[in-house]
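Reader: Hi! Could you walk me through the aromatic rings and a pocket in this one?
Author: Happy to, let's have a look together.

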Amino acid sequence: MTLTKITTRDAAGPTATGSLVRKSVQEEALVTDWRPISETSQLVTARWPQHHGFYTEGGRYSSLLLTESLRQALALLTHTVHDIPLTHRLGWEQIRSTVDPGVLSTGTEPAEVELLITHTQVKRRRLGSVHLTSHVEASLAGRPIGTAALRYSTHPPAIYDRLRGDHADAKSAFARALPLTPPVPAAHVGRGDAGNVVLSPAPGDRTWLLRVDTSHRVLFDHPHDHIPGMVLLEAAAQTAQAMAMPLAVVPVAFDTTFYRYVEFDQRCLITAEPFVQDGDGRMTVTVHGRQGELPVFSSTVTVRQRD
């Protein structure tokens, strides 16, 4: 079987990398090619740039670059393998992931990461929604570097619009985003640039506001009808670092459940439970997101001290 090269013949057309992986800025499309392994498994290649304005920091890749790579890969396979139209809207329900921190140092060349993706369940509903379960094994130069297990769904426009009500239209929902709040100190959350901080100060211990900068060209490269899951995972990672201060830590695992769509026109409160030591030099912290009285996501983040 041969690799299927992802083309960029038409930046707005269905063969374009950005369209297939749900990125409007072509430079942010990480997936380069893929090939089938079996009826249920595919091998997807993602290219990690040597330097990136958001996903590299201090000569290291973010742990979440692996998550963004598999997010793009799953979007690609949803359309190319499972024949789900580009008009369907994708959403995560749960993701569990691990990453080997030993592979996060950037090198002198971009890194080519391979993702072996197996869909263990694909349920098609009568009205067009599809519910999928997948398992991912990631490797770099033949070395295992991480795993993930995901549950996610896609909905046709008619069903999605009914689910989302007056928030269904991305442009109008995006335009209702609340004013940008100030960042916490970048160094407190493991960042060198305040523009990459997704937490704002809030009253109370272990409490922050989600900072939503809709002008951020990586996190929001096109209008969304709700705050993307990658922003929430980044908030969980930054919360874990804030909780670990003054230690510098690196996330090695996430166990995240998304309960509801996180809206632009409401503040999202981020809280953290106390760290728990696991006796193996690792610590876990559970991070919660709420809008009003409702929980919107929770993420248990496992970290270890950075070398």
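**Aromatic rings and a pocket**

Reader: How many aromatic pairs does a search of the whole structure find?
Author: The search finds 7 aromatic pairs. Keep in mind that this is a predicted model.

Reader: What do Tyr160 and Tyr261 form?
Author: Tyr160 and Tyr261 make an edge-to-face aromatic pair, 5.9 Å centre to centre with 80° between the planes. The pair links distant parts of the chain, 101 residues apart. Tyr160 is in helix H3 (residues 157–164), while Tyr261 is in the loop between strand S12 (249–258) and strand S13 (269–272).

Reader: Tyr160, then: buried or exposed?
Author: Tyr160 counts as buried because its relative accessibility is 1%, and the cut-off for buried is under 20%. Tyr261 is partly exposed, with a relative accessible area of 30%.

Reader: What lies over the face of Tyr261?
Author: Arg164 does, at 4.4 Å from the ring centre. There is also Arg191, over the face of Phe54 at 4.2 Å from the ring centre.

Reader: Nice. Which residues form one aromatic cluster?
Author: Phe174, Phe220 and Phe264 form one.

Reader: Switching topic: how much space lies in the second largest pocket?
Author: About 150 Å³.

Reader: And which residues lie nearest its centre?
Author: Glu27, Ala29, Leu30, Thr32 and Arg47 lie nearest the centre of the second largest pocket, out of 10 residues that line it.

Note on methods
Residues numbered from 1 in each chain as written. Predicted model: local features only at pLDDT ≥ 70, side-chain atom pairs only at ≥ 80, totals over all residues. Heavy atoms only, no water. Phe/Tyr/Trp six-rings, centres within 6.5 Å; stacked < 30°, edge-to-face > 60°. Helix = DSSP H or I, 4+ residues; strand = E, 2+ residues; numbered from the N terminus. Buried < 20%, exposed > 50% of the residue type's maximum accessible area, 1.4 Å probe, protein only. Lys NZ or Arg CZ within 6 Å of the ring centre and 35° of its normal. 1 Å grid on protein atoms, 1.4 Å probe; cavity = no way out; pocket = protein on both sides within 12 Å on 5 of 7 lines; lining within 4 Å. Points joined across faces, edges and corners; volume = space filled by probe spheres on them.
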